[in-house]
Amino acid sequence: MKVNGLTESEKIIMKCVWDLGDGARLAHIMEVANGKYKKNWKPQTVSTFLGKLVKKKFLEQYRDGRYFYYHILVTRHDYRCRMLKEDLQFWNDGDTGEFAEELMDKKTFSEEQRKEIAEVVMRMA
């Protein structure tokens, strides 16, 4: 599966589903997308994006009564890790040192954020 193959709109819908958790349904997904991301999407629009996410195997759709619900197949963590790996390979040609320098650059994150990243990395080492 090509992970970065999501459009910006699909990413927004997927983020809404991750935020809502497994078993989210269209009305709730639409509510989050329109509220949090300031969209003005109609049910048909959100349903189209959900259908594409099902086709791309990010979600699985099931029906319970009169509503369709969505089961998450790709976790947020797995998606983000794959995106980072793709970025490392594409932008840094696999050079983790260069990637880390960019991550710790003052233009990327604040001093406080960089300290927090360094602390997490040291705990994991």
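At what angle do the axes of helix α1 (residues 8–20) and helix α3 (residues 43–55) cross? They cross at roughly 85 degrees and come within 10 Å, with axes fitted as lines to C-alpha atoms over the stretch in contact and angles running from 0 to 180 degrees between N-to-C directions. That makes α1 roughly perpendicular to α3, a term covering 65 to 115 degrees.

This is a predicted model, where local features need pLDDT of at least 70, side-chain atom pairs count only at pLDDT 80 or more, and totals for chains, interfaces and linings use all residues. Residues are numbered from 1 along each chain as its sequence is written, and side-chain values use heavy atoms, leaving out hydrogens and water.

**Overall layout**
- The protein has six helices and three strands, taken as DSSP runs (helices H or I, at least four residues; strands E, at least two).
- Along the sequence, the pattern reads α-β-α-α-β-β-α-α-α.
- The C-alpha atoms fill a box of roughly 50 × 30 × 25 Å along the principal axes.

**Where α1 meets α3**
- From α1, Ser-9, Glu-10, Ile-13, Met-14 and Val-17 meet Val-46, Phe-49, Leu-50, Lys-52 and Leu-53 of α3 (contact means heavy atoms within 4.5 Å).
- Seven of these contact residues are nonpolar, one is polar and two are charged; Ala, Val, Leu, Ile, Met, Phe, Trp, Tyr, Cys and Pro count as nonpolar, Asp, Glu, Lys and Arg as charged, and the others, Gly among them, as polar.

Definitions and conventions: Angles under 35 degrees count as roughly parallel, over 145 as roughly antiparallel, 65 to 115 as roughly perpendicular and the rest as oblique.
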